[in-house]
Amino acid sequence: MNEARIGVIGAGRISHVMAAAHAQVPESRLVGVFDVVRGASERLAEKFGIPRIYDSYQELLASDEIDAVLVCTPTFLHERIVIDAANAGKHVFCQKPMALTLEQCERMNEAAVRNGVVLQVGFMIRFTPPFAEVKERIDSGEIGDLIAIRSAVFGWEPTAEWFYDPEQGGGLLIDTIIHTFDLYRWYAGEVETIYADGGAYVFEGARKHGTPDNVMCSLKFRNGAMGSIYGSWSSGYGDKTLEIYGTKGSFFIDLMEAQGGRAFIKKDKQAPSPAEGWNNLGVLWKFGYQQEARQFTHSILGRVPPSATGADAVEAQKLAMLADRSIRQAAVLKV
Ligand SMILES: NC(=O)c1ccc[n+]([C@@H]2O[C@H](COP(=O)([O-])OP(=O)(O)OC[C@H]3O[C@@H](n4cnc5c(N)ncnc54)[C@H](O)[C@@H]3O)[C@@H](O)[C@H]2O)c1
């Protein structure tokens, strides 16, 4: 197989980002779309030259002309569609969060494993510069042993009420901070304990559905490193800062300023060794989703090992669910 023929299920906001990203991957071809709202299918099809609009996702999954699907529906619909797609023998890219409960995530992952299909979850931060390079440099031992990792994660105010709802979108922890749980596991390995605090400080939707709009979370990794995350939907600006401290050096990444900013690496704590810099303005939109699309396409074609897999998403989900429980119980929880 030299080309992946891909169908899109759910043609809302993120599907346009995904379609634009796949347009940058020569071996990927979007060949079909289904959305319950016909006009949404038509808009995506027209904008990206997708030749066929299906009348149901089952019809799309039954097509021999489709190798893989991008699942871009609201979160509460992910489980059914992903399992049906895996059972139909299609490779699956599922937008994050994978689902709303750990049990759902595990069932989805099992379906992919049982059917021998690739299941990638939309953790595009892994593919956004400089995060992938940071991973390589941590793994190469350049900053020594990890001491601490700290991040402030800013999401935008949700565009729809379902994002706050534990039954539909999962709220801030599961919808947005899940990216950071995945990134932390990728960088620092498995987590031993987690404690979170948070509340619905600003938004009526969060109050109504009993999910937080601001969260502070502390983690301890099995390797002894410490972690902390401050997550907010109400800061008024998007994106994140990330600091990583090791015994031989440190990284500081600032993706503020409209998805841009600078990244500094200080390799050596001895002054006057200067920090190195990155300057990656707009990296998320320019590279993150495209690299993610390339990873999915190339793993379907058997060219690279899978990344951001169903198994990874199950582990990230555990952390989000435990952090949620930690807030409710005001307790430090063992993973
Ligand atoms: N990775 C990221 O950066 C990122 C960013 C935004 C959203 N997301 C995730 O993507 C998913 C979709 O979010 P969105 O912002 O695009 O939402 P959206 O509401 O803009 O789009 C969802 C689309 O799904 C369609 N839909 C609803 N039920 C359907 C069904 N049964 N079959 C087919 N289509 C159906 C809707 O008509 C709508 O067009 C969510 O899980 C969200 O958390 C990920």
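Modeller: Buried area is the accessible area, taken with a 1.4 Å probe, that two parts lose on being put together, summed over both. In this predicted model, domain 1 and domain 2 bury about 2800 Å² between them, with 67% of it on carbon and sulfur atoms.

Colleague: Which residues make up domain 1 and domain 2, and how many residues does each bring to the contact?

Modeller: Domain 1 covers 4-123, while domain 2 is assigned as 125-284 + 293-334. The contact draws 34 residues from domain 1 and 37 residues from domain 2. On the side of domain 1, Leu100, Gln120 and Phe123 supply 28% of the area buried against domain 2, more than any other three residues.

Colleague: What makes the pair Glu27 and Arg303 a salt bridge?

Modeller: The cut-off is a side-chain nitrogen of Lys or Arg within 4 Å of a carboxyl oxygen of Asp or Glu. The closest N and O atoms of Glu27 and Arg303 are 2.8 Å apart, and the pair therefore meets that rule. Across the interface of domain 1 and domain 2, the rule finds 2 salt bridges.

Colleague: Why is helix 6 called roughly parallel to helix 7?

Modeller: Helix 6 (residues 131-139) and helix 7 (residues 171-188) pack at an angle of about 30 degrees, with their axes 9 Å apart. Angles under 35 degrees count as roughly parallel, so helix 6 is described as roughly parallel to helix 7.

Colleague: Which residues of helix 6 and helix 7 meet?

Modeller: Phe131, Ala132, Val134, Lys135 and Ile138 in helix 6 meet Leu183, Trp186 and Tyr187 in helix 7. By class, this contact of helix 6 with helix 7 has 7 nonpolar residues, no polar residues and 1 charged residue.

Notes:
Residues numbered from 1 in each chain as written. Predicted model: local features only at pLDDT ≥ 70, side-chain atom pairs only at ≥ 80, totals over all residues. Heavy atoms only, no water. Axes fitted to C-alpha atoms, helices over the stretch in contact; angles between N-to-C directions. Helix = DSSP H or I, 4+ residues; strand = E, 2+ residues; numbered from the N terminus. Parallel < 35°, antiparallel > 145°, perpendicular 65-115°, else oblique. Contact = heavy atoms within 4.5 Å. Nonpolar A, V, L, I, M, F, W, Y, C, P; charged D, E, K, R; others polar. Domains from an automatic or database assignment.
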